[in-house]
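Hi everyone, thanks for making the time. I'd like to walk you through one model today, starting with what sits inside. Here it is on the screen.

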Amino acid sequence: MSEFNLPLASAIIWMVGLCLVGGLMTPRADWYARLRKPAWQPPGWAFGPGWTIILGLAAWAAVRAWDAGDAAQQRDVLILFGVNAVFHLAWSPLFFKLQRPDWALIEVPFLWASVLAMMIGLWPIDSQAALLILPYLAWVGFAASLNWKVVDLNPR
């Protein structure tokens, strides 16, 4: 019988939790349909699979770093991923629930910085784990430009 892997289970819970809560906080209301959006916005169906892949890679990074780190580094991994979860979960309610893309745009630098902090913090523990965060960083940068364009196209 194999041993239960708590770091792996925790990383999966982190990933699935962010995907589920993020999805639940992203209603496709009439308000969203009426927003003007840039032509380069990906189709709506692409966001779910995209986030699943990106957060799956981040979860893999967490497990790699946890396994490679000592007790202090493992604590740092928990802090980095916990802080990121807070900022990750803050964006969708601002944009979709409160219908305030402008407020969400103000929050984006904090989310991006939390992802960058993950990369920087993981690098000395496991450089390959840090590189697994790169798609997340790139996507948040792209999402920030998309958020900015939505604000620009839809002045309050």
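Let's begin with the largest nonpolar core, which has 29 residues; Trp14, Val77, Phe81, Val115, Leu122, Ile133 and Tyr136 are the ones that touch the most other members. By nonpolar core I mean a set of buried Ala, Val, Leu, Ile, Met, Phe, Trp, Tyr and Cys residues joined through side-chain atoms within 4.5 Å. Buried is under 20% relative accessible area, exposed is over 50%, and partly exposed is in between, with a 1.4 Å probe and protein chains only. At least two residues of this core come from each of α1 (6–24), α3 (47–68), α4 (71–97), α5 (101–122), α6 (127–132) and α7 (134–153). The largest share, 8 residues, is supplied by α3.

A word on provenance: this is a predicted model, where local features need pLDDT of at least 70 and side-chain atom pairs count only at pLDDT 80 or more, while totals for chains, interfaces and linings use all residues. Residues are numbered from 1 along each chain as its sequence is written, and side-chain values use heavy atoms, with hydrogens and water left out.

Which residues does phenylalanine 81 touch, not counting those up to four places away in sequence? They are Trp14, Ala58, Ala62, Met118, Leu122 and Ile133, where contact means heavy atoms within 4.5 Å.

Now the rings. Phe, Tyr and Trp rings (the six-membered one for Trp) pair if their centres lie within 6.5 Å; planes under 30 degrees apart are stacked, over 60 edge-to-face, and the rest tilted. That rule gives 14 aromatic pairs. Take tryptophan 31 and tyrosine 32: their ring centres are 6.4 Å apart and their planes are at 50°, so this pair is tilted. Tryptophan 31 counts as buried at 15% relative accessibility, and tyrosine 32 is buried too, at 12%. Phenylalanine 95 and phenylalanine 96 have ring centres 4.7 Å apart and planes at 55°, so they also make a tilted pair. Both of these phenylalanines are buried. Elsewhere, ring pairs join Trp40, Phe47, Trp51, Tyr136, Trp139 and Phe142 into a cluster.

The charged end of lysine 37 sits over its ring, 4.5 Å from the centre; the criterion is NZ of Lys or CZ of Arg within 6 Å of the ring centre and within 35 degrees of the ring normal. The side chain of tyrosine 32 also makes a polar contact of 3.0 Å with that of glutamine 41. Such a contact is a pair of N or O atoms within 3.5 Å; within protein, one must be able to donate a hydrogen and the other to accept it, and residues adjacent in sequence count only if both atoms are side-chain atoms.

Where is glutamine 41 placed? In the loop between α2 (30–34) and α3. Glutamine 41 counts as buried, at 18% relative accessibility.

Finally, the overall picture. The protein chain has 7 helices and 0 strands; helices (H or I, at least four residues) and strands (E, at least two) are DSSP runs, numbered from the N terminus. Of its 156 residues, 38% count as buried. Leucine 20, in helix α1, is exposed at 53% relative accessibility.
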